[in-house]
Amino acid sequence: MAKTPTGLTAADLFARNREWAADMVKEDPDFFNDLASQQAPEYLWIGCSDSRVPANELLGMAPGELFVHRNIANVVVHSDLNSLAVLQFAIDVLKVKHIIICGHYGCSGVHAALTNTRVGLADNWLGHVRDVRDKHGKYLGNVAGKAASDRLVELNVAEQVINVAQTTIVRDAWERGQPLTIHSWVYGVHDGLLRDLGITVSSFAEIAPKLEVVLQGYLEGGAK
């Protein structure tokens with residue numbers, strides 16, 4: 001794929017949009033008719049707003065196949081009505097079967113939280129990631145630099161799995177027997193590959209033992 005030139009005007013973006021739409025119709029004449037008729041994704045992606053992490057593209061999914069929520073450092077907290085509304089709509093209305101919590105290595109927000117770097121208003125939001133850093137400090141003590149930042153990316157994903165599982169939305173879904181699995185993934189912007197942290201859960205009781213395996217591995221494995 002050719003690199004997008006810098007300095008594009010709004011007119012340039014509209015022209016690129018028309019070209020893209022024409023290419024989609026050329027490939028599949030019914031593409032937009034089918035897309036307009038329904039939205040039935042099986043997956044909710046909760047990821048970072050970073051422009052280098054395009055959810056649909058890296059999964060090889062077309063529009064309509066993935067419901068997406070993104071924010072700085074892929075955080076889900078119980079006071080954020082935005083993420084809770086997305087979660088509720090995805091589970092109760094769209095009936096998604098999978099929730100993917102995906103962080104990414106090289107996350108600027110996580111690095112800022114790790115190093116107490118001030119970035120502005122977003123510092124208030126990144127306080128949630130600093131909480132993860134402080135809660136799991138002993139798992140960061142045997143790494144430094146990039147390895148520590150990568151470790152916190154993973155710990156943050158693990159913590160968000162817990163946060164999502166603790167919501168009334170998810171717990172109600174599990175209690176009524178709705179099939180729903182939460183996944184813990186990390187994306188490598190350096191190689192385009194996804195990693196599974198191993199905290200894949202379909203009930204709240206599954207979290208603790210799987211999380212323990214991951215955390216114990218940090219203590220035994222040391223630096224990555």
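Helices, of at least four residues, and strands, of at least two, are DSSP runs numbered from the N terminus. The structure described here is a predicted model.

In these terms, serine 49 belongs to the loop that runs between strand E1 (43-48) and helix H3 (55-59). Serine 49 has a relative accessible area of 38% and is therefore partly exposed. Leaving out residues up to four places away in sequence, serine 49 touches Arg70, Asn71 and Ile72. Alanine 73 is 24 residues from serine 49 in sequence, and their C-alpha atoms are 7.3 Å apart in space.

**Nonpolar cores**

The largest nonpolar core has 55 residues, of which Leu44, Ile91, Ile99, Val164, Val170 and Ile182 touch the most other members. Helix H7 (residues 146-166) gives the most to this core, contributing 11 residues. Apart from this core lies another of 9 residues, including Trp45, Val53, Ala55 and Ile100. When neighbours within four places in sequence are set aside, isoleucine 91 is in contact with Val96, Ile99, Ile169, Val170, Ala173, Arg176, Gln178 and Leu180.

**Helices H6 and H7**

Two packed helices are described by the angle between their axes and the distance between the axes. Helix H6 (residues 122-135) packs with H7 at an angle of about 105°, and their axes are 10 Å apart. H6 is therefore roughly perpendicular to H7, since angles of 65 to 115 degrees count as such. On the H6 side, Val129, Val132, Arg133 and Lys135 take part in the contact, meeting Leu152, Leu155, Asn156, Glu159 and Gln160 in H7. The residues of this contact comprise 4 nonpolar, 2 polar and 3 charged.

**Salt bridges**

The structure holds 8 salt bridges. Among them are the following.

| Aspartate 92 | Arginine 176 | 2.8 Å |

Aspartate 92 is partly exposed at 29% relative accessibility, and arginine 176 is partly exposed at 47%.

Arginine 195 counts as partly exposed at 27% relative accessibility, and aspartate 191 counts as partly exposed at 34%.

How values were computed
Residues are numbered from 1 along each chain as its sequence is written. This is a predicted model: local features need pLDDT of at least 70, side-chain atom pairs count only at pLDDT 80 or more; totals for chains, interfaces and linings use all residues. Side-chain values use heavy atoms; hydrogens and water are left out. A nonpolar core is a set of buried Ala, Val, Leu, Ile, Met, Phe, Trp, Tyr and Cys residues joined through side-chain atoms within 4.5 Å. Buried means under 20% relative accessible area, exposed over 50%, partly exposed in between (1.4 Å probe, protein chains only). Contact means heavy atoms within 4.5 Å. Axes are lines fitted to C-alpha atoms, for helices over the stretch in contact, and angles run from 0 to 180 degrees between N-to-C directions. Angles under 35 degrees count as roughly parallel, over 145 as roughly antiparallel, 65 to 115 as roughly perpendicular and the rest as oblique. Ala, Val, Leu, Ile, Met, Phe, Trp, Tyr, Cys and Pro count as nonpolar, Asp, Glu, Lys and Arg as charged, and the others, Gly among them, as polar. A salt bridge is a side-chain nitrogen of Lys or Arg within 4 Å of a carboxyl oxygen of Asp or Glu.
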